[in-house]
Every structure is written in C-alpha cells, then in structure tokens.
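Dear colleague,

Please find the structure below, handed over for your use. My notes on what was found in it follow directly after.

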Protein chains: 2
Amino acid sequence: MRKNKKERQELLQQTIRSTPFITDEELAEKFEVSIQTIRLDRLELSIPELRERIKSVAEQTLQDEVKSLPIDEVIGEIVDLNLDEQAISILEIKDEHVFSRNQIARGHHLFAQANSLAVAVIDDELALTAKASIRFSRQVKQGERVVAKAKVMNLDKPKGWTAVAVNSYVSEELVFSGTFEMYRSKQT
Amino acid sequence: MRKNKKERQELLQQTIRSTPFITDEELAEKFEVSIQTIRLDRLELSIPELRERIKSVAEQTLQDEVKSLPIDEVIGEIVDLNLDEQAISILEIKDEHVFSRNQIARGHHLFAQANSLAVAVIDDELALTAKASIRFSRQVKQGERVVAKAKVMNLDKPKGWTAVAVNSYVSEELVFSGTFEMYRSKQT
C-alpha cells in the first residue's frame with residue numbers, strides 16, 4: 001500500500017537506520033515509488049547516498065585491523081570487523097563475476113568473498129583454510145550486492161584451529177552459506 | 001641414485017609416457033641431474049616440451065565439447081573431456097593466484113578450477129552448483145601446476161541432479177579434493 005509523503009519519509013529513515021546497506025532501487029520497490037522520489041526524500045532528510053553510508057559505517061565500526069592478509073587482498077569491501085568474533089563484507093556483482101550466458105554470478109566469486117572474509121576475521125598473521133562445506137541457496141544476478149557475514153564459531157587457540165561460519169545475503173535473502181575450518185598459529 | 005645416460009633416458013621415456021604433464025624441473029629433480037641435461041635428453045629422444053605435449057594430449061583426447069559454458073570461462077586449461085564421465089584441467093599458479101605475503105595459492109583459485117571443471121563435465125546446457133564439500137590438503141606455491149581430475153559419481157537425469165568428485169594434484173601429491181552437487185535440466 002502506498003503511503004503519503006510524511007509516513008514514507010518516517011519509514012524510510014527507520015528502514016535505512018536498521019538496514020544501512022539498502023539501495024535506492026530496493027527502497028523504491030519497497031515503498032512503491034520511483035527511484036527519483038527516494039533520492040528527493042533522502043535529500044530532504046539529509047540521508048547520504050549508499051556509498052557514503054557504507055564508508056561511514058565502515059569508519060565507525062572497523063575497530064580492528066585485518067592481520068592475516070593485506071586489506072586489498074580481501075574480495076569485497078569489509079564494512080565491519082571484530083577480530084576472532086565477526087566481520088561483514090559487501091561484494092557488488094559486476095559483469096566480470098557472471099556467466100556470460102545468463103548473467104548469473106559464478107560460484108567461485110561468492111566462495112572467494114566468504115573465504116577471504118573467513119581469513120580476514122582471524123586474529124593471527126597466519127590463517128589457512130583446511131576444509132569448507134558450502135551451499136548455494138539461490139542464484140545471484142549481475143547488479144545485486146552480496147552482504148557476507150562471518151562469525152567465529154569455535155576457537156581452539158592451543159590447537160591452532162578455528163571454525164568460521166559465513167552467511168551471504170542479497171537484500172535479506174540467504175544466497176550462500178559455508179563453514180570454513182581454518183588453521184592458525186598455535187598459541188600455548 | 002644417479003643413473004647412467006642410457007638407463008636415465010629409458011626411464012625418462014617411461015616417466016613421460018605415464019605422466020605426460022611432468023615438467024623438466026620435476027624430471028631434473030627426479031633423476032638428480034640439471035634441467036639442461038633433461039632438455040638435451042628430450043632433444044635426443046625427440047620428446048616435445050611440456051606445452052606441446054599438453055596440446056597434443058588435448059587434441060587426442062578432447063572428443064567432447066563443453067556444453068554448459070563457453071570454453072574460455074573454464075578456469076584452467078581442459079586437456080581431457082568425456083561429458084558426464086570425466087575431465088581433466090591444468091592450472092599454472094602465477095603471481096595473480098597467490099597471497100603476496102607468502103606466495104601460497106589462494107584457496108578460491110583451486111576452488112574455481114575444480115568448480116568450473118565440475119560444471120564443464122556436465123552434458124547439459126544448464127549446470128549449477130548447489131553444494132560443495134572441499135578440503136585443501138597441502139599448500140600450493142607459485143610456479144606449481146595443478147592438475148584437476150573430475151569424475152561424475154552419481155547421475156540422476158530424471159531428477160536433474162549430478163554429483164562430481166574433483167581431486168587436484170601437484171606432481172602426484174593431492175592438494176585439493178571436493179565433491180560438488182550440481183543441478184541440471186530434468187530429462188524425463
């Protein structure tokens with residue numbers, strides 16, 4: 001149901017506060033208005049565009065620094081990181097990520113985003129993937145943004161072993177999930 | 001133990017016949033002689049260099065054509081293909097495939113080689129990866145060549161489902177293994 005401007009702008013503020021990585025396209029669809037209307041709403045409400053919001057979230061929340069690899073070797077953009085706890089990255093699916101035939105994202109790019117996030121979340125200079133069990137739950141198309149969320153599940157520092165669960169979403173739909181078993185330095 | 005020239009050349013011929021993708025470096029190490037000696041042996045025995053051997057094996061054995069994706073979207077070079085049975089590809093690990101810190105190949109490139117081979121071996125225009133379970137058994141360094149071997153394990157055409165096992169080797173050492181569950185078109 002379409003809402004009047006005041007209602008829409010209030011809901012828009014709430015929506016962006018709770019899901020800061022939502023695009024103008026997704027907002028337009030959600031509120032059944034044009035993208036132009038959403039842009040005007042954002043202007044009136046002084047809400048910056050998505051790219052600025054990502055940067056600002058990243059600056060606020062990146063308290064830790066990636067240790068296990070240079071940051072530019074992470075596939076996707078890290079927007080949240082607490083070492084040995086959790087991390088979030090965003091990957092925009094562009095034409096180099098898809099099968100030419102059907103514009104569906106190739107599995108290894110989703111795997112690369114998740115695996116490099118599982119490496120990045122480790123609080124150690126050494127982090128190697130030993131095993132992984134993964135599932136592709138729905139196809140991802142060119143133009144979609146994949147938000148990967150990594151969570152450290154088991155941490156056995158004396159044995160030098162960590163399990164990391166990664167779930168990746170487009171909007172709020174699960175598209176990929178995986179469990180990565182990682183080796184790290186032994187700490188006695 | 002070092003062998004005399006005649007013994008070495010006989011063994012060299014046998015070795016190349018049974019493992020045609022072996023490099024001159026690996027042969028030199030195996031026979032404890034210099035690479036130059038191996039090159040001279042090959043010249044005397046009229047055995048072409050590795051690149052030519054790969055091409056020739058590929059021309060002899062590629063009876064089938066990849067259906068599920070354009071051949072240039074396969075990661076690695078396909079040297080053997082029998083649709084819905086088995087396939088082999090070779091990936092040379094170059095500097096763009098490794099972590100800058102330690103020259104170890106990044107897991108997602110081994111995954112990409114194996115996954116795209118699992119897609120390529122499917123005798124169908126549609127082949128999508130649903131699940132995978134993988135293991136990295138030893139690190140792969142820059143300069144090594146990874147030979148991936150895919151084998152179709154279960155084929156349930158009416159249900160549109162195929163399992164493909166992929167094992168990847170450097171020389172004869174297993175470096176990666178995975179099982180991929182693939183969706184394909186249903187055929188009744």
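A salt bridge, as the term is used here, is a side-chain nitrogen of Lys or Arg within 4 Å of a carboxyl oxygen of Asp or Glu. By that rule B:Arg145 forms a salt bridge with B:Glu26, and their closest N and O atoms are 3.9 Å apart. B:Arg145 lies in strand β4 (residues 145-156) of chain B and B:Glu26 in helix α2 (residues 24-31) of chain B, so the pair ties together parts that are 119 residues apart in sequence. Helices (H or I, at least four residues) and strands (E, at least two) are DSSP runs, numbered from the N terminus.

Please note that this is a predicted model, in which local features need pLDDT of at least 70 and side-chain atom pairs count only at pLDDT 80 or more, while totals for chains, interfaces and linings use all residues. Residues are numbered from 1 along each chain as its sequence is written, chains are lettered from A and ligands numbered from 1 in the order in which they are written, and side-chain values use heavy atoms, with hydrogens and water left out.

Salt bridges within the chains

Over all chains, a search of the whole structure finds 22 salt bridges. For the partners in these pairs I also give the exposure: buried means under 20% relative accessible area, exposed over 50%, and partly exposed in between (1.4 Å probe, protein chains only). In the pair described above, B:Arg145 counts as buried at 10% relative accessibility, whereas B:Glu26 is partly exposed at 24%.

A second pair is B:Asp123 and B:Lys67, whose closest N and O atoms are 2.8 Å apart in a salt bridge. B:Asp123 lies in the loop between α5 and β3 of chain B, and B:Lys67 in the loop between α4 (50-61) and β1 (77-82) of chain B, so this pair ties together parts that are 56 residues apart in sequence. B:Asp123 is partly exposed, with a relative accessible area of 24%, and B:Lys67 is partly exposed, with 36%.

Which residue forms a salt bridge with B:Arg8? The partner is B:Asp41, with the closest N and O atoms 2.7 Å apart. B:Arg8 is buried, at 8% relative accessibility, and B:Asp41 is buried, with a relative accessible area of 2%.

In chain A, a network of salt bridges links A:Asp24, A:Arg39 and A:Arg42.

A:Arg145 lies in strand β4 (residues 145-156) of chain A and is buried, with a relative accessible area of 10%. Contact means heavy atoms within 4.5 Å. Leaving aside neighbours within four places in sequence, A:Arg145 is in contact with residues including A:Glu26, A:Phe21, A:Leu50, A:Glu92 and A:Tyr169.

A:Glu96, by contrast, is found in the loop between β2 (86-92) and α5 (107-120) of chain A, and counts as exposed at 52% relative accessibility. The C-alpha atoms of A:Glu96 and A:Arg106 are separated by 9.4 Å, the two residues being 10 residues apart along the chain.

How the two chains meet

Chain B can be laid on chain A with an RMSD of 0.1 Å by a turn of 179° and a shift of 0.1 Å along the axis; copies are superposed by least squares on the C-alpha atoms of residues with pLDDT of at least 70 in both. The two copies are therefore related as by a two-fold rotation axis. In chain B, the C-alpha nearest the axis is that of B:Ser133, at 2.2 Å from it.

In the interface, 27 residues of chain B are in contact with 27 residues of chain A. Of the interface residues of chain B, 100% are also interface residues in chain A, so the copies meet through the same surface. Between them the chains bury about 2,400 Å², 52% of it on carbon and sulfur atoms; buried area is the accessible area (1.4 Å probe) that two parts lose on being put together, summed over both. In chain B, B:Glu73, B:Arg101 and B:His108 lose the most area to chain A, together 22% of what that side buries.

Across this interface the rule finds zero salt bridges. The largest share of the side of chain B that touches chain A, nine residues, comes from β3(B).

Yours sincerely
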